[in-house]
Amino acid sequence: MIDHLRHMAIFARVVDEGSFRAAARAIGLAPSRVSETVSDLESYLGVTLLYRTTRKVALTNEGRMFYVRVADMLRSAESGLNELNALSLEPVGALRISLPAFMSSSSISTAIAEFICLHPHVAISVTYTDHRVALLEDGYDLNIRPGWLDDSSMMSRKLGKSERALVAGSAYAASRPQPHHPSDLEDWDWIRYQQRSDVTEFEAPDGDMVKVTGNARLEVDSIDALYHFACQNVGATVLPSHLAERGVASGQVVRLLPEWGLRPLGYYAVWPDKSRRESLTLLFVRFLADHQTG
């Protein structure tokens, strides 16, 4: 039976996710490998555990009885790991987390590297994407996202904040009259980020708020793409400060209206209330929070 413990865990994940493909995505294996593992388990047990269709799976009577026992076993194992992590000076386990793609070289990614170096018995799988992902449905232990929270029922902690800057390609800015007020940008070409509102809100030095809706001729779903197209002199856009500073240093972009403020984005760690890796997740979140300055 010991040789088939992994098979049993994969079988339970297939049931939890509702399909071989979803389970494969959560585990990080090929769908064919997941299906083969469950088939091997069925051969070992001499029963059919799952009815298979093209889109989903359903438990047989035997599979339903077996799943209850396997789920209990896995919960006990997870509880044991959590208890050991709580008592041990050296954490153990694996975390699957998601971060925005533009944070691949950020201070948070640097902190992840430091955490891994400090704790040799911890493994972390990181997905970098600017698209919103679901914690439970997509099989993540932790999401880190700017400006919004996944779900009010989730646990969360603010890790810091990121300043933002309005920029445009150097050649594009030179071809336009120098702006002195946000309203001067209404007829400029804008590069829009799909996850953000069309309206950009500016704060004047005296505290007054001004909203601008630019003419977005180009729309992208990636912050890195915003930066790239700004450098290509397509128009104006709002970037995280670390990207804006990189472009200014290279001479490819210029800051616009630097005396006008843009609301910073908060960065939040979000995880399930009943995390599978509760102690490890909390330790990791505290480490990130302690290593962020903004």
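Guide: Glutamate 36 and arginine 33 sit 3 residues apart in helix H3 (residues 31-45), about one turn of the helix; helices (H or I, at least four residues) and strands (E, at least two) are DSSP runs, numbered from the N terminus. The two residues form a salt bridge, with their closest N and O atoms 3.5 Å apart; the term asks for a side-chain nitrogen of Lys or Arg within 4 Å of a carboxyl oxygen of Asp or Glu. Glutamate 36 is partly exposed at 43% relative accessible area, and arginine 33 is partly exposed at 36%; buried means under 20%, exposed over 50%, partly exposed in between (1.4 Å probe, protein chains only).

A word on the source: this is a predicted model, where local features need pLDDT of at least 70 and side-chain atom pairs count only at pLDDT 80 or more, while totals for chains, interfaces and linings use all residues. Residues are numbered from 1 along each chain as its sequence is written, and side-chain values use heavy atoms, leaving out hydrogens and water.

Helix H1 (residues 5-17) holds glutamate 17 and arginine 13, 4 residues apart and so separated by about one helical turn. Their side chains meet in a salt bridge at 3.9 Å, N to O, and both residues are buried.

Next come arginine 176 and aspartate 187, whose side chains form a salt bridge at 3.5 Å, N to O. Both lie in the loop between helix H6 (170-174) and strand E8 (189-193), 11 residues apart. Arginine 176 is partly exposed at 24%, whereas aspartate 187 is exposed at 55%.

Finally, Arg192, Asp198 and Glu219 are linked in a salt-bridge network, and the total count is 7 salt bridges.
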